[in-house]
Protein chains: 2
Amino acid sequence: MSLIVFYTEKKMRYKITLEYDGTDTLGWQRQLDGPSIQQYLEEILEILNGYPKEVASAGRTDAGVHALGQVAHIDLDRPMEPFKIREAFNANLREKGAPASILEVEPVPETFHARFSATGRGYIYRILNRRAPSPIRLNRVWWVPVPLDIEKMRQGAQYLLGYHDFTSFRATACQAKSPLKTLDRLDIERQGDEIIFTLEAKSFLHHQVRNMVGTLKLVGDGHLRPQDIQTILEQKNRSAAGPTAPACGLYLNKVFY
Amino acid sequence: MSLIVFYTEKKMRYKITLEYDGTDTLGWQRQLDGPSIQQYLEEILEILNGYPKEVASAGRTDAGVHALGQVAHIDLDRPMEPFKIREAFNANLREKGAPASILEVEPVPETFHARFSATGRGYIYRILNRRAPSPIRLNRVWWVPVPLDIEKMRQGAQYLLGYHDFTSFRATACQAKSPLKTLDRLDIERQGDEIIFTLEAKSFLHHQVRNMVGTLKLVGDGHLRPQDIQTILEQKNRSAAGPTAPACGLYLNKVFY
């Protein structure tokens with residue numbers, strides 16, 4: 001880190017879009033006891049700038065959760081061509097064996113903030129719904145061997161759309177100030193042997209997507225009726241809902257600005 | 001292995017269709033220096049029958065090559081319901097941490113042989129064609145960061161269709177008696193950021209698919225012209241063709257009977 005920067009140009013801010021495999025990391029956030037995506041990016045940014053600086057993302061993802069379109073922003077003391085930034089990061093990520101890749105780099109105004117400027121988040125959840133597990137899709141889907149009734153799950157999902165108190169679907173450790181959120185989209189589609197959930201909201205509570213999917217799975221396998229989702233919402237009690245669906249089926253798909 | 005079988009019923013033969021991730025195995029064939037799919041299946045069959053017996057498949061796949069629909073056959077001394085055989089194998093495969101899964105089990109006549117009864121094999125080859133690598137699809141695709149001209153590759157592929165001497169596309173270690181083969185299908189399609197090759201033939205030479213894909217990639221990136229494929233075929237010399245495409249993009253997709 002002996003690089004001294006003599007440039008007097010103004011700092012430049014860049015929006016970076018990235019994909020990662022969450023399987024063998026502790027998730028987005030830097031932690032002391034293992035690798036995280038944030039730590040990998042901060043180490044590379046430090047090489048470019050010559051000093052350490054935090055990298056902020058649109059939102060934390062838990063250990064095991066993947067990203068197809070996570071967004072972060074970085075500040076560079078010395079402006080670089082966006083494609084050169086991408087290549088520099090990807091070369092360093094590969095060298096580190098980091099399970100992450102920068103898809104896109106765009107210059108943005110200094111007022112842009114990956115988290116606070118975001119107007120929405122889109123997630124995908126993949127269930128493999130067949131009798132046999134899939135070694136090819138290990139850690140990429142939640143394997144549910146019992147048949148799921150997709151129509152019933154869709155009926156149940158209707159109760160979750162819109163503005164609600166999502167306390168029943170919120171991790172007990174969730175630090176959000178309010179459990180009131182608006183769910184804008186919850187589509188459920190069959191694609192081959194998979195059931196794909198597509199969800200969008202301005203923001204989500206901790207574990208909200210996984211808790212909703214885990215509960216809708218109980219509608220799909222007949223343990224709950226679609227209208228039970230309404231009752232569960234009204235109870236405002238985490239223990240009223242189903243178990244948290246596994247991290248491996250969840251993908252942060254897109255961040256809207 | 002103290003199980004003694006007193007049943008006098010006739011042996012039953014079953015066709016088993018399986019998926020596997022070739023990444024951390026030596027491929028299909030049993031070898032002394034590491035795990036193979038054949039060895040996993042033979043160990044489980046030995047538990048069911050009480051004595052060891054070889055399991056034959058439609059064809060060997062190399063280390064790193066995947067299967068979405070490999071076919072093998074097994075003989076059981078004691079007939080079992082096909083779904084019970086599948087469950088027994090899958091439970092044991094999971095317990096062993098084997099990257100394989102039985103998709104289907106069907107009773108077949110004693111004359112059925114996974115290899116000799118097969119009338120065709122279908123392979124898929126996946127190229128990820130974008131600038132950034134994909135951690136989510138690591139070991140699932142061949143990452144080619146330079147743009148490939150799919151139209152040119154399709155033109156080149158036309159020369160490979162039909163009956164030819166495929167010596168130029170055959171591994172030097174290939175043990176097949178003749179280099180004369182008929183290629184029935186070689187489709188090339190773009191699916192999102194991937195280029196998918198779909199190939200069918202009665203049978204293929206060792207490395208034939210990967211050598212054809214590796215050479216067509218050179219057509220796609222402009223190092224070769226489509227018509228050079230014709231010349232390469234005519235030279236009947238492995239060194240005339242391009243390099244062998246990586247194993248990780250190749251999938252044995254289907255076996256025809």
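Me: Contact means heavy atoms within 4.5 Å. On that basis, what do the buried residues of H3(A) pack against?

Reply: The buried residues of H3(A) pack against strand E8 (180-191), strand E9 (194-201), helix H4 (208-220) and helix H5 (228-235) of chain A. Helices (H or I, at least four residues) and strands (E, at least two) are DSSP runs, numbered from the N terminus. Please note that this is a predicted model, in which local features need pLDDT of at least 70 and side-chain atom pairs count only at pLDDT 80 or more, while totals for chains, interfaces and linings use all residues. Residues are numbered from 1 along each chain as its sequence is written, chains are lettered from A and ligands numbered from 1 in the order in which they are written, and side-chain values use heavy atoms, with hydrogens and water left out.

Me: Which residues of helix H3 of chain A are buried?

Reply: In helix H3 (residues 150-158) of chain A, the buried residues are A:Ile150, A:Met153, A:Gly156 and A:Ala157. They lie on the same side of H3(A), because they cover an arc of only 115 degrees around the axis. The arc is that of the directions from the helix axis to the C-beta atoms. Buried means under 20% relative accessible area, exposed means over 50%, and partly exposed is in between (1.4 Å probe, protein chains only).

Me: And what happens at the start of H3(A)?

Reply: A side-chain oxygen of A:Asp149 comes to within 3.0 Å of the backbone nitrogen of A:Glu151 there.

Me: Changing topic: how is chain A divided?

Reply: Chain A has domain 1 (12-108) and domain 2 (120-256), with bounds from an automatic or database domain assignment. Their C-alpha centres lie 28 Å apart. In this pair, 15 residues of domain 1 are in contact with 15 residues of domain 2.

Me: How much area do the two domains bury between them?

Reply: About 1,200 Å² is buried between domain 1 and domain 2 of chain A, with 52% of it on carbon and sulfur atoms. Buried area is the accessible area (1.4 Å probe) that two parts lose on being put together, summed over both.

Me: How many salt bridges cross that interface?

Reply: The rule finds two salt bridges between domain 1 and domain 2 of chain A. A salt bridge is a side-chain nitrogen of Lys or Arg within 4 Å of a carboxyl oxygen of Asp or Glu. A:Arg140 and A:Asp21 form a salt bridge, with the closest N and O atoms 3.1 Å apart.

Me: What about chain A and chain B: how much area is buried between them?

Reply: The buried area is about 1,800 Å², and carbon and sulfur atoms give 57% of it. In chain A, A:Glu19, A:Pro135 and A:Ile136 lose the most area to chain B, together 35% of what that side buries. The contact involves 26 residues of chain A and 26 residues of chain B.

Me: How many salt bridges are there between these chains?

Reply: The count between chain A and chain B is four salt bridges. One salt bridge is formed by A:Glu19 with B:Arg130, whose closest N and O atoms are 2.7 Å apart. A:Glu19 and B:Arg130 also belong to a network of salt bridges, together with B:Arg126, B:Arg137, B:Asp193 and B:Glu194.

Me: Which salt bridge does A:Glu106 form?

Reply: A:Glu106 pairs with A:Lys15, the closest N and O atoms being 3.6 Å apart. A:Glu106 lies in strand E4 of chain A and A:Lys15 in strand E1 of chain A, so the pair ties together parts that are 91 residues apart in sequence. A:Glu106 counts as partly exposed at 28% relative accessibility, whereas A:Lys15 counts as buried at 16%.

Me: And in chain B, are B:Asp75 and B:Arg13 buried or exposed?

Reply: Both B:Asp75 and B:Arg13 are buried. Their side chains meet in a salt bridge (2.8 Å, N to O). The pair links strand E3 (residues 66-76) of chain B, which holds B:Asp75, with strand E1 (residues 12-20) of chain B, which holds B:Arg13, 62 residues apart.

Me: Last topic: where does A:Lys236 lie?

Reply: A:Lys236 is in the loop between H5 and strand E10 (250-256) of chain A. A:Lys236 has a positive phi of about 50 degrees although it is not a glycine. Most residues other than glycine have a negative phi. A:Lys236 is partly exposed, with a relative accessible area of 48%.

How values were computed:
A polar contact is a pair of N or O atoms within 3.5 Å; within protein, one must be able to donate a hydrogen and the other to accept it, and residues adjacent in sequence count only if both atoms are side-chain atoms.
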